[in-house]
Amino acid sequence: MLKNLANYYFPRSLDDAGSILSEKQTKNVIIAGGTAVSLLRDQTIDGLVDLKYLPLVFIKETVAGYSIGAMTTAQEVFQSSALSGPVGDLIRKAAGNIGSTLIRNSVTVGGNLVSVFPWSDLPPAFLALDAAVVSRHEKRNRTIPLMKLYSTHPRNILKHGEIVTEIKIPKASPNSATAFTKFSKTKNDYAIVDVAVRICLKNKKVFEAAIALSAISKLPMRARQLIA
Amino acid sequence: MELNFSLNGKPITLEIAPSDILLDVLRKAGMKSVKRGCNEGFCGACAVLIDGKPRNSCIVMAAHCESSEIITVEGMGTPDHPHPLQQAFVDHGATQCGYCNPGSLIAAKALLDRNSHPTTDEVKLALDGNLCRCTGYVKRIEAVLAAAPKMKKHLANTGGSK
Ligand SMILES: Cc1cc2nc3c(=O)[nH]c(=O)nc-3n(C[C@H](O)[C@H](O)[C@H](O)COP(=O)(O)OP(=O)(O)OC[C@H]3O[C@@H](n4cnc5c(N)ncnc54)[C@H](O)[C@@H]3O)c2cc1C
Ligand code: FES
Ligand code: FES
């Protein structure tokens, strides 16, 4: 329980959210799907900043690939007809493996990527796809590749009050294929191990291979040693 | 703080604390169909519709639901005029202790509201977050499949209100 929670904010713009989050005297924290925040036992949080009215719910296909808004839910991703082909299928499969329908209707892409528990299913998929998050802080945007975001816990990479706004996933090279597998005790239990794979063939040889794993370590990781 | 939302089709204003959880607020408001099972998002007994989406009310902040539309089983049907899903749960023996039923009914309603011809696999997926310790899952799948074709008539009888 957030015992000392005094305020609940609904900012109408990213920069309003940013300024509430950077207040020095009070500790204000972002709430997205709330599935992790609602279970916190933390007496130090003064305010929650709910991003529900910000235009961060979208799944777009661009020339460069896909772009997914941070407040898009896992269920919206799982059921999206805009996501297809090897890249889209991998993303949808990972999203569909999160918890249950009820959980997927709450969990957001941004929340899943930033809170990154060992069992989080989206990070390995996006890592295998060489994706990058876009964030906003002090009225400026920056792009952070996932490899960097997960080089340590994202809380060490993101600045105080920095908001992840979207994730950008590049198109795969031609002749690519992907796969995602979650091993867990039951369908909606946490992963024991997640494996996300992307390979690309050129002249009948594997030209590029990306294998991302999670649940086996604190943070999701790309398996480099497996590549001969 | 004040929380304004629509509860089972009627506007309501409640005085809440910013830290309140939706499950507690709904039960205090008399919605006793909303059950507390695990209290951490695993069992689905607390499921309600928030803006048409079934979610676990035990892990939703009440304040988050400002201006939302919330539906609980109290808004689905009455003993005299049960919702087709409620009648089908009775007819097909999809209930024993009954504790999981409100959550399962809400998840099933969300499915039938957007898909009036679900397949068995679609029913299983829609109910994948609703644990039942008693009935063994088969009967409730039969019940949802049996209720689906009755939805059209139900909507006509209730003037389009789901
Ligand atoms: C019962 C249960 C089962 C689950 N099963 C799975 C599972 O199988 N697989 C899986 O992957 N996940 C699962 N989850 C979800 C996972 O554990 C996290 O709770 C979830 O990913 C958090 O996302 P959220 O949108 O709810 O974030 P919130 O709880 O709202 O926020 C989480 C954290 O991220 C920060 N944050 C959120 N959005 C942003 C943003 N845009 N920018 C910067 N910071 C942000 C918040 O400040 C907070 O610190 C499960 C959760 C529950 C309760
Ligand atoms: S009481 Fe909410 S999921 Fe169990
Ligand atoms: S009827 Fe008892 S838990 Fe489902």
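I take a salt bridge as a side-chain nitrogen of Lys or Arg within 4 Å of a carboxyl oxygen of Asp or Glu. The model is predicted, so I keep its limits in mind: local features need pLDDT of at least 70, side-chain atom pairs count only at pLDDT 80 or more, and totals for chains, interfaces and linings use all residues. Residues are numbered from 1 along each chain as its sequence is written, chains are lettered from A in the order in which they are written, and side-chain values use heavy atoms, with hydrogens and water left out.

**Interface of chains A and B**

One is between the side chains of A:E76 and B:K53, at 4.0 Å from N to O. On the chain B side that touches chain A, β4 (53-56) and α4 (120-126) are the elements giving two or more residues. I read helices (H or I, at least four residues) and strands (E, at least two) as DSSP runs, numbered from the N terminus. β4(B) gives the most, 4 residues. That side of chain B splits into 13 nonpolar, 10 polar and 6 charged residues.

I then noted the extent. Chain B puts 29 residues into the contact and chain A 30, with contact meaning heavy atoms within 4.5 Å. The two chains bury about 2,300 Å² between them, and 58% of it is on carbon and sulfur atoms. Buried area here is accessible area (1.4 Å probe) lost on being put together, summed over both parts.

**Salt bridges overall**

I count 11 salt bridges over all chains. I checked A:D121 with A:K182, whose closest N and O atoms are 3.5 Å apart. A:D121 sits in the loop between α5 (109-115) and α6 (122-128) of chain A and A:K182 in strand β9 (residues 176-183) of chain A, so the pair ties together parts 61 residues apart in sequence.

Note on methods:
Nonpolar A, V, L, I, M, F, W, Y, C, P; charged D, E, K, R; others polar.
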